[in-house]
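Please examine the sequence and the model before reading the solutions.

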Amino acid sequence: MTTVEDIEKKLALLHGKAYCKLVGNGTTAIYLSLLAQNLSNQKVALPNNVCMNVVLPIYFSNNSPVFIDIEKETLGLDTELLKEYSIDTLIAVHSYGNIYKIEETEQYCKENNIFFIEDVAIAQGMQYKEQPLGSFGDISILSFGAGKMLDIGHGGAILTDNQELYNRILIHLEDLEMFDPLNATTVGTIGREHTRLYNIDYGASLNKYHQEFKALCLKNKKHYLYKFDSAYLEPLEKAIENLETLLDTRQENARYLNHKFKAAKLNSIKILEPKNGSAYWRFNLFVEKYRDELFAYLLSKKYKVSSWQHSVDVLFEENRVNTPVSDWVGRNIINFWVNEDIDKSYLDNISNDIIEFLKGKEL
């Protein structure tokens, strides 16, 4: 019978780290990573174009987020901009599955005594220069939630080579409660409230709700943070065994969409070409003129699409930061599911509808 320790050893080996600890989700992983540093009332930098669940553990641990702009090349944090800030910790995300400038970022953090957390939640299983993602940084974190590379609807993990950090993580983990279905229900309700506010005008007025939304999240802190439920061990083991196949499926589906859109020669779209070694969390399309109209049209046809991520500071801070690239992505992106639930018939239908819609607009 597979044990928690068996899975932790597999994940440690897969990501080139000495120690691994399963936790309730990626948010909990970041939270414990911050606590393990004995960090409080400090500045934690992260890319502004990121899931809100990356920001929340910074608030939960009584620290302050520093929102940094991204670069268009990888949609990852712009390392050059780090030089403009004084920070204690950096959470760098392989956004959308694209490998950011991780060597450069890690070197900068080492030279400037910045604790480096590598977030591999949506790029798991990929490599950079034959080195697995998740093997960089002082700590790296994983997530197995909905839509992730290993999607079992629950769980996350913390990886490190530092035994002292690992021991402190274990101590803080003991303070958390076991997973309860109410956790998922509550967090799901908050997520739907975010979607409701966003869909009023596709994010244009989100900032005016920041105070009440932040208070809602902080009030429900305990529902975001919990231990791993061992009932998910078997699904996680199967997902790890199938990881390469799952990644190949995403790559194949994304390449198919890439070919279809390039062949259409539309003027109103841009396609990000991921670097070698990058994964496809979603297939990203940037629509500069007609994004909101197209997005509404696709939703009306029940396609699996989203327009994440918008600049996340808009949800939590009254005074917006200046992150023009992140804001550009938030205004123009549409991303499409390319996981194992998608077949070629679906890809043909959605791409044909998009091409027909945009050609009609470009006439």
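A pocket is, on a 1 Å grid over the protein atoms alone, an open set of points where a 1.4 Å probe fits, with protein on both sides within 12 Å along at least five of seven lines; its lining residues have an atom within 4 Å of a point. Grid points are joined across faces, edges and corners, and a volume is the space filled by probe spheres set on the points. The model is predicted: local features need pLDDT of at least 70 and side-chain atom pairs count only at pLDDT 80 or more, whereas totals for chains, interfaces and linings use all residues. Residues are numbered from 1 along each chain as its sequence is written, and side-chain values use heavy atoms, with hydrogens and water left out.

**Exercise 1.** Describe the second largest pocket and its lining.

*Solution.* 
Step 1: the volume of the second largest pocket is about 260 Å³.
Step 2: 17 residues line this pocket, and Tyr-202, Gly-203, Ala-204, Gly-330 and Arg-331 are the closest to its centre.
Step 3: at least two lining residues come from each of α6 (181-201), α11 (291-300) and α12 (324-332); helices (H or I, at least four residues) and strands (E, at least two) are DSSP runs, numbered from the N terminus.
Step 4: α12 contributes the most, four residues.
Step 5: the lining comprises five nonpolar, six polar and six charged residues, where Ala, Val, Leu, Ile, Met, Phe, Trp, Tyr, Cys and Pro count as nonpolar, Asp, Glu, Lys and Arg as charged, and the others, Gly among them, as polar.

**Exercise 2.** Which backbone features stand out at Lys-129, Glu-130 and Gln-309?

*Solution.* 
Step 1: Lys-129, not a glycine, has a positive phi of about 50°, and Glu-130 likewise has a positive phi, near 65°.
Step 2: Lys-129 is exposed at 60% relative accessible area, and Glu-130 is exposed at 75% (exposed means over 50%, with a 1.4 Å probe and protein chains only).
Step 3: Trp-308 and Gln-309 are joined by a cis peptide bond with omega of about 5°; Gln-309 belongs to the loop between β12 (305-306) and α12.

Terms used. Buried means under 20% relative accessible area, exposed over 50%, partly exposed in between (1.4 Å probe, protein chains only).
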